[in-house]
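Subject: Structure handover

Hi,

Here is the structure I promised you. Please open it next to this email and follow along.

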Amino acid sequence: EKRPGGGYRLVVAIADVSHYVKIGTALDDEAQDRGTSVYFPNHVIPMLPEALSNGLCSLKPEVDRLCMVCDIKLSRQGRVTGYEFYPSVMHSQARLTYNQVASYLNGQTDAVPDKAAVRKSLNVLFQLFQTLLTVRQERGAMEFETIETYMTFDELGGIKEILPRSRNDAHKLIEECMLLANVAAAEYALEHDIPMLYRVHEAPEFSRIQKVRDFVKLLGLPFPEQPTQADYQRVIEATKDRLDAPSIHAVLLRSMMQAYYGANNAGHYGLAYEAYTHFTSPIRRYPDLLLHRAIKAYLDKKAYPLSGAALDDAGEHFSQTERR
């Protein structure tokens, strides 16, 4: 919503999985072993049982749901001026799909329910999103042009087609909100000394940079020995309209280090953040669940669920379950 004195208030409310999944239960042990939900082309192996993932922790319209909230204040220019975290109850006005919202933003007003509150909220959100895109460019975050695909199957389970999946403005809009909440959570943890797992993405190694330099030289483009995110973004921009853009961007992408979970913050190179974490998907990623518990413990002035060497081990374990 718009704030009276100008600027915005953005409320990112995430299902409160930690309320249902308690430490020491069989439910929690199994979720830790899995570490993450796994998405196959035609089915999902969820981290948590469907009673939670599609039931109690799933967004249903006109129903009360427990949530953890990241309540963010932003200036007119899209700069974060403050945030707070708290547990809450949300009562959703409507359940909207990405395609519905994308159609609505493209001018098809009947794509979403005829509720003033819902439409006003979407309009303000879209305005904020356009402001945030400018902030993203200024920060130098990379936008690779890679094509994601999905498969359709015949009755026997054989692959029928492989189709490109397009990301519309609704996807990007939600992504920007999630990024804001994740960054706020990382900064909150740093500020209050909350032990948790950061999502760490280090700068590329020298040998990888050399390969990119040689490759980019062939395209007639400069690339320095110690590239910043802006240098990568420059190559991305310069090549994005070429027919071979996806393969050029794949080379750039492969020069990157793999992101991992770690108890020590070392920043996120690809997204150009000084600190980053995962807060927004506790239903399908265990590190997010750990973070929710840590924030709750801080708010309740209780002992932290994990710290010290145990947290380091957790970082290694969940980096591995993700790769697996």
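**What I found**

Start with Thr 321. Leaving aside its neighbours within four places in sequence, Thr 321 touches Asp 33, Arg 34, Gly 35 and Thr 36. Thr 321 sits in helix H10, residues 308-323. Its relative accessibility is 5%, so Thr 321 counts as buried, because the cut-off for buried is under 20%. Keep in mind that this is a predicted model.

**The three-stranded sheet**

Next, look at the open sheet. Three strands form it, in the order S1-S4-S5, and the pairing is antiparallel. S1 and S5 (80-91) are the edge strands. Each has a single partner strand, so one side of each has no neighbour in the sheet. On average, neighbouring strands here are turned by 20 degrees against each other, direction ignored.

As background, strands of a sheet pair through backbone hydrogen bonds, either parallel or antiparallel. S4 covers residues 64-74. S4 and S5 pair in the antiparallel sense over 11 bridges.

H9 lies across S1, S4 and S5. H9 runs at about 95 degrees to S5.

**H5 against H9**

H9 has a helix partner too. H5 spans residues 169-192 and H9 spans residues 286-299. Their axes come within 12 Å and cross at roughly 45 degrees. H5 and H9 are therefore oblique to each other. The crossing of H5 and H9 is left-handed.

Which residues of H5 meet H9? They are Ala 185, Tyr 188 and His 192. On the H9 side, the residues are Leu 291, Ile 295, Tyr 298 and Leu 299. By class, this contact of H5 with H9 has six nonpolar residues, one polar and no charged ones.

**A hairpin**

Now find strands S6 (residues 148-153) and S7 (residues 159-165). S6 and S7 run antiparallel and are joined by six bridges. Met 151 has Ile 162 in S7 as its bridge partner. The hairpin of S6 and S7 has five residues between the strands. In that hairpin, Gly 157 takes a positive phi near 90 degrees.

Most residues other than glycine have a negative phi. Two residues are worth a look here.

- Glu 62 is not a glycine, yet its phi is positive, at about 60 degrees. Glu 62 is found in the loop between helix H2 (50-56) and S4. Glu 62 is partly exposed, with a relative accessible area of 47%.
- Ala 272 also has a positive phi, near 60 degrees, in a residue other than glycine. Ala 272 lies in the loop between strand S9 (260-262) and H9. Is Ala 272 buried or exposed? Ala 272 is buried, with a relative accessible area of 16%.

**One last stop**

Go to Gly 5, in the segment before strand S1 (8-15). Gly 5 has a relative accessible area of 70%, so Gly 5 is exposed. Gly 5 and Leu 173 are 168 residues apart in sequence. In space, Gly 5 and Leu 173 are 24 Å apart, C-alpha to C-alpha.

Best wishes

How values were computed:
Residues are numbered from 1 along each chain as its sequence is written. This is a predicted model: local features need pLDDT of at least 70, side-chain atom pairs count only at pLDDT 80 or more; totals for chains, interfaces and linings use all residues. Side-chain values use heavy atoms; hydrogens and water are left out. Helices (H or I, at least four residues) and strands (E, at least two) are DSSP runs, numbered from the N terminus. Buried means under 20% relative accessible area, exposed over 50%, partly exposed in between (1.4 Å probe, protein chains only). Axes are lines fitted to C-alpha atoms, for helices over the stretch in contact, and angles run from 0 to 180 degrees between N-to-C directions. Angles under 35 degrees count as roughly parallel, over 145 as roughly antiparallel, 65 to 115 as roughly perpendicular and the rest as oblique. A crossing is left-handed if the near helix is turned anticlockwise from the far one by less than a right angle, and right-handed if clockwise. Contact means heavy atoms within 4.5 Å. Ala, Val, Leu, Ile, Met, Phe, Trp, Tyr, Cys and Pro count as nonpolar, Asp, Glu, Lys and Arg as charged, and the others, Gly among them, as polar. Two strands pair if DSSP finds at least two bridges between them.
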